[in-house]
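Work through the exercises below with the sequence and the coordinates at hand, and follow each solution step by step.

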Amino acid sequence: MNGDLLLVILIIIGLLGRSPIITTAACILLAFKLLGLDRYLPTVERRGLEIGLLFLTMGVLVPFASERISYKDIISVFTTWPGIIALIGGAIATYMNGKGLELLKIDPQLIVGLVIGSIFGIIFMRGIPVGPLMAAGITAFLLKLAYFIADKLS
């Protein structure tokens with residue numbers, strides 16, 4: 001399929017699914033292609049995720065920088081059940097994100113299914129898109145589970 005057409009389809013899907021991040025990303029990539037900046041696409045592919053994660057991490061750390069998080073809040077993370085469960089949840093989520101990144105490196109065409117699945121989740125389940133890494137991490141887990149079950153059944 002023509003890359004330009006696929007990007008236009010992703011823009012439409014992003015608009016229909018009210019996903020401004022998908023829409024904006026596809027628009028920027030389409031602009032790269034239409035402006036003849038294709039030679040920069042490998043750099044965007046190689047470094048885009050790192051830059052995105054940098055900004056995501058900065059966004060998460062803003063409460064520390066703005067001093068909205070106190071030492072009491074930090075201590076409660078280690079001394080209360082909700083805090084300990086949050087630590088475990090954060091560790092599991094980042095582990096799954098790593099597995100998702102590995103999956104996308106091995107099988108990058110899965111991003112189409114992840115995007116469309118995210119759009120379905122937004123439209124039909126009133127979900128909030130958190131990005132392709134977590135979706136890929138969950139997909140990696142589900143694939144391992146499916147292969148495990150298939151091996152047991154055969």
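**Exercise 1.** How do the residues of the lining of the second largest pocket divide into nonpolar, polar and charged?

*Solution.* The model is predicted, so local features need pLDDT of at least 70 and side-chain atom pairs count only at pLDDT 80 or more, while totals for chains, interfaces and linings use all residues. Residues are numbered from 1 along each chain as its sequence is written, and side-chain values use heavy atoms, with hydrogens and water left out.

Begin with the term: a pocket is an open set of points on a 1 Å grid over the protein atoms alone, where a 1.4 Å probe fits, with protein on both sides within 12 Å along at least five of seven lines, and its lining residues have an atom within 4 Å of a point. Next, sort by class (Ala, Val, Leu, Ile, Met, Phe, Trp, Tyr, Cys and Pro as nonpolar, Asp, Glu, Lys and Arg as charged, the others, Gly among them, as polar). The lining of the second largest pocket then has eight nonpolar, seven polar and no charged residues.

**Exercise 2.** Which helix gives the most to the lining of the largest pocket?

*Solution.* Helices are DSSP runs (H or I, at least four residues), numbered from the N terminus. Those that each supply at least two residues of this lining include H1 (3–16), H3 (41–65) and H7 (132–153), and H3 gives the most, with 12 residues. Of the 43 lining residues, Ala25, Gly48, Leu49, Ile111 and Pro132 lie nearest the centre of the largest pocket, and by class its lining has 29 nonpolar, 10 polar and four charged residues.
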